Amino acid sequence: MSAVYSSLLARLQRRRLSVRTRRRAVHKGGRRSGRPGQSLEFSDFRAYQPGDDLRLIDWNLYGRTGKHYIKRFLDEQEIHAAVILDVSPSMRLVESKWNRAKEIAAALAYIALIGEDRLSFIPASASTEGKITRKGAVYAKSVYTSILATDNLPTAGTFTENALLEGLKRTQAAIIITDGLENPGEFDKLFRKLASSKVEVKFIQVLAGEERNPTAAGDLRLIDSETGTAVDVSMRESVIKMYQSRLDAHNSSLEQLCKKYGITYLFVTDQDDFHEFIFHMCTAKKVLE
């Protein structure tokens, strides 16, 4: 792994997923829950009660006060996070957009594992190929490189159709990475399912700069990468402006849908600075802390 990647991973290690959910977990993780438990970080004292573990009595405090007090510690809380990546044809059509989406997915998955959270990486496709479930910092680097290498997955069905098939019952947090180029009504179905399961969702829309500001000109035949439908257009300035207006309206409707379900919405293109997005925007939007 290059020095550039090593430097990036070192910065990622100082971040954690920001998750409001605080369920008590059977396994220990690496985040504070604010509840007394059995980690090694001291919280406070309380008076001894019959049945308490005698090993937790602070005998130095007893020597000073003549009373028995128990040491309390902050419980370490495990979060089960899912990183769901859109691998549909429209997502992979522009190589720079596809690579940026994988970079974001890999970085967030790495952060989850470094924080000792449980991770499910889900490339939402027609098969189970490429799915990863791991827990522990020991897997962080290998999972990071595996996600960056994700490619050539079966793509029957749309992103939302495949994402709806995923079982996320034990998941507390889900990060969705997609270009969002489906009817908002389909995302509404997905959001409704996640809301009913009480999953905290972050929605990251990734587009190519060329998709936002087309530079093509002249008479063209455009082919829908999802359906194969073709349409002939003359790329005049008025047509481009109409396209951009409709795209902005579509993106706005996705953002409003996210607000409806209490989902954090982020937008990024392949031309935006990756470090600025991960270390500043994701922190500002409380995806990371």
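Reader: How many bridges join strand 3 to strand 6?
Author: Strand 3 and strand 6 (residues 173–178) run parallel, strands being DSSP runs (E, at least two residues) and helices likewise (H or I, at least four), numbered from the N terminus. This is a predicted model, where local features need pLDDT of at least 70, side-chain atom pairs count only at pLDDT 80 or more, and totals for chains, interfaces and linings use all residues. Residues are numbered from 1 along each chain as its sequence is written, while side-chain values use heavy atoms, without hydrogens and water. Ala82 has Ala174 of strand 6 as its bridge partner, and the bridges between strand 3 and strand 6 number five.

Reader: Why is strand 3 largely enclosed by the rest of the structure?
Author: One side of strand 3 carries His80, Ala82, Ile84 and Asp86, the other Ala81, Val83 and Leu85, and all are buried (under 20% relative accessible area; exposed is over 50%, partly exposed in between; 1.4 Å probe, protein chains only). Strand 3 (residues 80–86) is therefore largely enclosed, since its buried residues are seven of the seven.

Reader: Which helices are included in what covers the buried residues of helix 1?
Author: Helix 1 spans residues 3–12, and Leu8, Leu9 and Leu12 are buried in it. Beyond four places in sequence, Ile278 touches Leu12, together with Ala107, Thr283 and Leu288. The cover of the buried residues of helix 1 includes helix 4, helix 5 (140–148) and helix 10 (274–284).

Reader: Is Arg100 buried or exposed, and what is its relative accessible area?
Author: Arg100 is found in helix 4. Beyond four places in sequence, Arg100 is in contact (heavy atoms within 4.5 Å) with Val206, Thr269, Asp270, Asp272, Asp273 and Phe274. Along the chain, Asp272 lies 172 residues from Arg100, yet their C-alpha atoms are separated by 9.5 Å. Arg100 is buried, with a relative accessible area of 12%.

Notes
Pairing = 2+ DSSP bridges.
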